[in-house]
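Please look through the sequence and the model below before reading on.

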Amino acid sequence: MRTFVTTLLLPFFTTCAIAQTISVRGKIVQSQESGPVAGASVRLVGVKDSSLTRGGYSEKDGEFTIKDVPLGAFKLHISAIGYRKLESTVFVRDGKAFLG
């Protein structure tokens, strides 16, 4: 089983390294004491030209995943009905995403 899993994962990591994209994951919650926010809009917008790069919505547990995010700087926009909008800068480099 271990050999099969290793063999299966190697092509995935190789493809990601060649394409130089990552997945940005996170969880949206009301506050540290409160529960998750489901159905929030999550968008990554290019810093230079404000073009929509990728986006999606948070799940029931508040978690979201944005796949195939290229290297670069982006604005992360999070919005949900009844909540204030949140905006932060995200830098994608070296196979990781950094919140600025």
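**From the sheet to the pocket**

Strand 6 and strand 7 run antiparallel and are joined by four bridges, where strands are DSSP runs of E with at least two residues and helices are runs of H or I with at least four residues, both numbered from the N terminus, and where two strands pair if DSSP finds at least two bridges between them. This is a predicted model, in which local features need pLDDT of at least 70 and side-chain atom pairs count only at pLDDT 80 or more, while totals for chains, interfaces and linings use all residues. Residues are numbered from 1 along each chain as its sequence is written, and side-chain values use heavy atoms, with hydrogens and water left out.

Within the pairing of these two strands, phenylalanine 91 has phenylalanine 98 in strand 7 as its bridge partner. The hairpin that strand 6 and strand 7 form has two residues between the strands, and aspartate 94 takes a positive phi near 55 degrees there. Aspartate 94, which lies in the loop between strand 6 and strand 7, is exposed, with a relative accessible area of 68%; buried means under 20% relative accessible area, exposed over 50%, and partly exposed in between, with a 1.4 Å probe and protein chains only. The C-alpha atoms of aspartate 94 and leucine 71 are separated by 8.3 Å, although the two residues are 23 residues apart along the chain.

Strand 6 (residues 86–93) is also joined to strand 5 (residues 72–79), by seven bridges, and these two strands run antiparallel. Glycine 72 stands opposite valine 92 in strand 6, while alanine 73 has phenylalanine 91 in strand 6 as its bridge partner. Six residues lie between the strands in the hairpin of strand 5 and strand 6, where glycine 82 takes a positive phi near 90 degrees.

Which strands make up the open sheet, and in what order? The open sheet has five strands in the order 3-2-5-6-7, with antiparallel pairing. Strand 3 (52–57) and strand 7 (96–99) stand at its edges with a single partner strand each, so one side of each is left without a neighbour in the sheet. Neighbouring strands of this sheet are turned by 25 degrees against each other on average, direction ignored; the axes behind this value are lines fitted to C-alpha atoms, for helices over the stretch in contact, and angles run from 0 to 180 degrees between N-to-C directions.

Five of the six residues of strand 2 are buried, so strand 2 is largely enclosed by the rest of the structure.

The hairpin of strand 2 and strand 3 has five residues between the strands. Serine 50 lies in the loop between strand 2 (41–46) and strand 3, and its phi is near 60 degrees, a positive value in a residue other than glycine. Most residues other than glycine have a negative phi. Serine 50 is exposed, with a relative accessible area of 57%.

Is threonine 53, in contrast, buried or exposed? Threonine 53 lies in strand 3 and is buried, with a relative accessible area of 19%. Leaving aside its neighbours within four places in sequence, threonine 53 is in contact, meaning heavy atoms within 4.5 Å, with Leu44, Val45, Gly46, Pro70 and Phe74.

Another residue with a positive phi is aspartate 68, where the value is near 55 degrees. Aspartate 68 lies in strand 4 (residues 63–70) and is partly exposed, with a relative accessible area of 46%.The last topic is open space. The largest pocket has a volume of about 470 Å³, the volume being the space filled by probe spheres set on grid points that are joined across faces, edges and corners. On a 1 Å grid over the protein atoms alone, a pocket is an open set of points with protein on both sides within 12 Å along at least five of seven lines, a cavity is a set where a 1.4 Å probe fits but cannot get out, and lining residues have an atom within 4 Å of a point. The largest pocket is lined by 23 residues, of which Lys27, Ile28, Leu76, Ile78 and Leu86 lie nearest its centre. Strand 1 gives the most to this lining, with four residues.
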